[in-house]
Amino acid sequence: MSFWADAVAAADGKTEADFEQAADRLISEQVLYAADQRSKAAYALIRDYEHKFRQALAPFGYQLQLNRQLRYACAIPCHRHGHPATVAQTLLALVLRHIFDEETRSGHHDEHGEVACDLVTLTVKYQQITGRELESGGKLQELLRWMQRWGLARLVDDGGDYAGAELHQPYAVIIRPGIAEVLGETALLQLARFAEAGAVADETADDNNDDDPTTGEDA
């Protein structure tokens with residue numbers, strides 16, 4: 001009997017491949033949101049068979065976090081990965097988490113728990129917190145694509161309906177609620193240490209950096 005046999009038997013019309021693909025996507029994409037059309041079905045499977053997915057992820061060193069209210073599922077690594085993020089990736093992720101917390105406390109989030117951040121605000125906050133200038137143009141978009149890949153944020157273009165759209169910027173950053181799971185309290189303490197230092201080590205320190213946004217609480 002296969003691992004998913006009992007779940008398939010209980011699920012109407014679902015196949016073993018459906019369960020395997022949902023588990024694989026959760027590990028590879030880290031966060032799956034029901035609000036995303038392409039992730040809706042996978043999230044529903046994970047929600048309905050939470051215990052089974054917890055069992056499936058455990059041998060691979062992942063812990064399942066499920067938020068039924070905001071409808072997203074996270075695969076949080078139990079151990080640090082061998083390929084840490086760069087300083088630039090780490091700092092941007094931590095600043096996004098800081099903005100997310102500030103705006104959420106003020107009630108500035110939508111029904112999905114997402115927070116909109118325009119580029120002006122992001123640039124100012126980044127400089128205030130890190131003491132560095134935020135990358136611009138293609139370099140910033142590349143960093144933001146990593147945030148999207150890790151399930152921390154997504155981009156909307158200038159045609160979107162979001163706070164700050166009237167500023168006519170090329171796009172805005174939508175910070176997603178899974179960032180609170182992926183970057184926990186330890187990450188916020190790390191951000192405070194960056195801020196207190198007033199500056200961060202050069203990119204040459206990347207080889208010794210363990211602040212990987214994909215490593216959950218150990219970030």
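This is a predicted model: local features need pLDDT of at least 70, side-chain atom pairs count only at pLDDT 80 or more; totals for chains, interfaces and linings use all residues.
User: How many bridges join β1 to β3?

Analyst: There are 3 bridges, and the two strands run antiparallel. β3 covers residues 72–77.

User: Which residue of β3 stands opposite Leu32?

Analyst: Ala73 stands opposite Leu32.

User: Which residues of α4 are buried?

Analyst: Lys52, Phe53, Ala56 and Leu57 are buried in α4. Looking down the α4 axis, the buried residues fall within an arc of 130°, so they line one face of the helix.

User: What covers those buried residues of α4?

Analyst: The cover includes α1 (5–10), α2 (16–29), α3, β2 and β3.

User: Quick one on Ser39. Where does it lie?

Analyst: Ser39 is in the loop between β1 and α3.

User: Is Ser39 buried or exposed?

Analyst: Buried, because its relative accessible area is 3% and the cut-off for buried is under 20%.

User: What does Ser39 touch?

Analyst: Leaving out residues up to four places away in sequence, Ser39 touches Arg25, Leu32 and Tyr33.

User: New topic: α5 and α7. At roughly what angle do their axes cross?

Analyst: The axes of α5 (residues 87–105) and α7 (residues 137–149) cross at roughly 65° and come within 10 Å. The two helices are therefore roughly perpendicular to each other.

User: Is the crossing of α5 and α7 left-handed or right-handed?

Analyst: It is right-handed.

User: Which residues make the contact?

Analyst: On α5, they are Ala88, Gln89, Leu92, Ala93 and Leu96. On α7, they are Leu140, Leu143, Leu144, Trp146 and Met147.

User: Now the sheet with β4. What order do its strands take?

Analyst: The order is β4-β6-β5, in an open sheet of 3 strands with antiparallel pairing. β4 (115–117) and β5 (153–157) are at the edges with a single partner strand each, so one side of each has no neighbour in the sheet. The twist here averages 30° from one strand to the next.

User: How many bridges join β4 to β6?

Analyst: 3 bridges join β4 to β6 (residues 171–175), and they run antiparallel. Val115 has Ile175 as its bridge partner in β6.

User: Which strands of that sheet does α7 touch?

Analyst: α7 packs on the sheet and touches β5 and β6. Its direction makes about 125° with that of β5.

User: Last one, Arg145. Which helix is it in?

Analyst: Arg145 is in helix α7. It counts as partly exposed, at 45% relative accessibility.

User: How many residues apart are Arg145 and Leu155 in sequence?

Analyst: They are 10 residues apart in sequence. In space, C-alpha to C-alpha, Arg145 and Leu155 are 8.5 Å apart.

Definitions and conventions: Residues are numbered from 1 along each chain as its sequence is written. Side-chain values use heavy atoms; hydrogens and water are left out. Two strands pair if DSSP finds at least two bridges between them. Helices (H or I, at least four residues) and strands (E, at least two) are DSSP runs, numbered from the N terminus. Buried means under 20% relative accessible area, exposed over 50%, partly exposed in between (1.4 Å probe, protein chains only). The arc is that of the directions from the helix axis to the C-beta atoms. Contact means heavy atoms within 4.5 Å. Axes are lines fitted to C-alpha atoms, for helices over the stretch in contact, and angles run from 0 to 180 degrees between N-to-C directions. Angles under 35 degrees count as roughly parallel, over 145 as roughly antiparallel, 65 to 115 as roughly perpendicular and the rest as oblique. A crossing is left-handed if the near helix is turned anticlockwise from the far one by less than a right angle, and right-handed if clockwise.
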